[in-house]
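Keep the sequence and the 3D view open as you read.

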Amino acid sequence: MIANMALDGLEAAVYASVGGSELARRKAKLNVIRYADDFVVTSTSKEVLESRVLPAIRRFMAKRGLELAEEKTRITHIAEGFDFLGQNVRKYHGKLLIRPARKSIKSLLEKVRGIIKGNASATQETLIQQLNPVIRGWAMYHRHIVAKATFSLIDSHIWRLLWKWATRRHPTKGARWVKRRLGLTQNALGPTDF
């Protein structure tokens, strides 16, 4: 809420940098997307962004005692893409696709790996209770974007981690016994596992 209050008026400052009129804004195709303290400014002209918009944003932030994070601030073409709120926005061969960002995927897998390793001796139910909210929350956040291939990749990775967890718990038993013990079906294991 404090970030929203501090950045209140950012849109007006950005629009004023190109003249302030609706016509000037439309001509530059200038748009501001803001969520709390994260924001993206789009335009058809790199020169407008570099020479007018960026200095206007810096002046706006300086008045409030804030400054832009240089490592997060960049001007890029949509074909190169950018990450915003855990999602990657990029144009592929003329088609705009929004996908989960690599950092977001890596963060999820590290969190899942940590939960599984931290529960090496826990029961199956306990592990499921801890993993479900993490996986479900991440999937619900990314469900409206192009994420089918990413979901499949993550599903495969988590399954391998869980299979490793299950076989480590029963080191003297075979894979078929572990499968029956955990109540796994042939479909849950995939076609190449058995």
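Q: In S2, what is the bridge partner of Val32?
A: This is a predicted model, where local features need pLDDT of at least 70, side-chain atom pairs count only at pLDDT 80 or more, and totals for chains, interfaces and linings use all residues. Residues are numbered from 1 along each chain as its sequence is written, and side-chain values use heavy atoms, with hydrogens and water left out. Strand S1 (residues 31–35) and S2 run antiparallel and are joined by five bridges; two strands pair if DSSP finds at least two bridges between them. Across from Val32, the partner in S2 is Val41.

Q: Which residue takes a positive phi in the hairpin of S1 and S2?
A: Tyr35 stands opposite Asp38 in S2. Two residues lie between the strands of this hairpin. With a positive phi near 55 degrees, the residue is Ala36.

Q: How many bridges pair S4 and S5?
A: Tyr92 stands opposite Lys95. In the hairpin of these strands, His93 takes a positive phi near 50 degrees. The antiparallel pairing of S4 and S5 runs over six bridges.

Q: In S4, what is the bridge partner of Asp83?
A: S3 and S4 pair in the antiparallel sense over three bridges. Their hairpin has two residues between the strands, and Leu85 there takes a positive phi near 55 degrees. The partner of Asp83 is Asn88.

Q: Are H5 and H7 roughly parallel or roughly antiparallel?
A: The axes of helix H5 (residues 102–118) and helix H7 (residues 148–169) come within 11 Å and cross at roughly 15 degrees. Angles under 35 degrees count as roughly parallel, over 145 as roughly antiparallel, 65 to 115 as roughly perpendicular and the rest as oblique. H5 and H7 are therefore roughly parallel.

Q: How much space lies in the largest pocket?
A: On a 1 Å grid over the protein atoms alone, a pocket is an open set of points where a 1.4 Å probe fits, with protein on both sides within 12 Å along at least five of seven lines; lining residues have an atom within 4 Å of a point. A volume is the space filled by probe spheres set on the points. Here the largest pocket holds about 1,500 Å³.

Q: Which element gives the largest share of the lining of the largest pocket?
A: Of the 43 lining residues, those closest to the centre are Phe39, Val40, Lys72, Arg74 and Phe82. Elements that give two or more residues include helix H1 (2–6) and strand S2 (38–42). The largest share, six residues, comes from H4.

Definitions and conventions:
Helices (H or I, at least four residues) and strands (E, at least two) are DSSP runs, numbered from the N terminus. Axes are lines fitted to C-alpha atoms, for helices over the stretch in contact, and angles run from 0 to 180 degrees between N-to-C directions.
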